[in-house]
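Hi everyone, thanks for coming.

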Amino acid sequence: MKLERIGILAHPKRPNTAPVAAHIARTFNERGLATWVSTVWTDADIAGDLAATDMVIAIGGDGAMLRAARAAAPFNVPVLGINMGYLGFLTEVTQPDAPNEWEHALAALLRGDCWIERRMMLHVEARHGDGSLHAMSDALNDAVISRGDVTRMIRVPLYIDGDWTTTYHADALIIATPTGSTAYALASGGPILPPELRNILIVPVAPHLSLDRPIVLPEGAAVRAMLEADGETDPVLAVDGEPLCKLHSGDTISVYASEHTAQFVRLRDRTYFYRSLLDRLEPRVTPPNTSRINDGR
């Protein structure tokens with residue numbers, strides 16, 4: 001991976017990430033590499049810089065990684081995550097303040113001891129009943145149609161590749177990527193999908209008298225959900241946990257694989273995913289004496 005110009009994104013709502021961003025920039029500058037730093041930013045703010053950037057470093061938690069990856073994907077720029085959040089499942093450097101932690105990561109980057117992990121994204125469009133565009137975005141985790149603040153179920157007919165599949169009566173409907181399968185979808189009873197897969201996952205939240213099993217679709221599938229709402233509900237469409245738009249009866253939400261791919265810089269082995277996941281799901285479970293077994297091949 002070529003490293004000549006690096007972007008560093010601090011978390012806009014966490015002031016303690018700004019000094020870390022400045023420190024990281026200095027370490028690159030001391031080695032003759034160009035950097036740019038943003039502490040308060042939008043996608044539009046950094047688009048010009050991303051067009052001529054080799055790698056982005058996102059400082060924060062998983063939310064910061066999702067946001068940075070969505071911004072960087074159209075420019076094919078990989079993202080390295082530094083965890084200063086709560087979970088940090090998507091991040092790579094876990095203790096930036098620990099002695100030598102960043103220096104070890106930097107040395108590995110400069111040696112080229114890293115690899116690029118590519119993850120599928122979704123393209124999400126919401127349209128009014130007359131077909132006019134309401135809102136659109138790419139998603140790395142998921143698109144969620146939910147009931148909003150009103151405690152009434154929503155009614156969502158679902159179409160796959162143009163054919164009606166089922167109608168959900170539920171609190172919400174999650175349409176997720178393999179990355180998102182370990183987020184809200186997992187908490188709602190969905191399966192765990194390895195990040196290298198390119199499937200679309202559909203998971204209803206608290207369904208009532210309707211299909212209650214997750215559906216796994218191939219990458220090329222096109223999902224369309226219609227909204228049948230009444231005046232007593234306040235449904236909303238969210239992308240990667242952030243509200244995208246309010247929804248009204250007759251609106252349609254179309255979801256399919258995005259042309260963009262999120263890229264993450266990894267310093268760990270390519271088999272990191274399962275151990276990293278289980279360390280968070282089962283933090284008190286002690287591994288056996290041998291962490292690897294012979295698979296017989």
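Let's start with Asp54 and Lys2, whose side chains form a salt bridge at 3.5 Å, N to O. Please keep in mind that this is a predicted model. Asp54 sits in the loop between helix H2 (43–50) and strand S3 (55–60), while Lys2 is in the segment before strand S1 (5–9), so this contact ties together parts that lie 52 residues apart in sequence. Is Asp54 buried or exposed? With a relative accessibility of 14%, Asp54 counts as buried.

Now stay with helix H2 and strand S1 for the next pair. Asp49 and Arg5 also meet through their side chains, in a salt bridge of 3.3 Å, N to O. Here Asp49 belongs to helix H2 and Arg5 to strand S1, so to speak two distant parts of the chain, 44 residues apart. Asp49 is partly exposed, at 25% relative accessible area, and Arg5 is partly exposed at 25% too.

Arg268 lies in the loop between strand S16 (252–266) and helix H6 (272–281), and Glu92 in the loop between strand S4 (79–83) and helix H4 (101–111); 176 residues separate the two. Arg268 is partly exposed, with 29% relative accessibility, whereas Glu92, at 7%, is buried.

How values were computed:
Residues numbered from 1 in each chain as written. Predicted model: local features only at pLDDT ≥ 70, side-chain atom pairs only at ≥ 80, totals over all residues. Heavy atoms only, no water. Salt bridge = Lys/Arg side-chain N within 4 Å of Asp/Glu carboxyl O. Helix = DSSP H or I, 4+ residues; strand = E, 2+ residues; numbered from the N terminus. Buried < 20%, exposed > 50% of the residue type's maximum accessible area, 1.4 Å probe, protein only.
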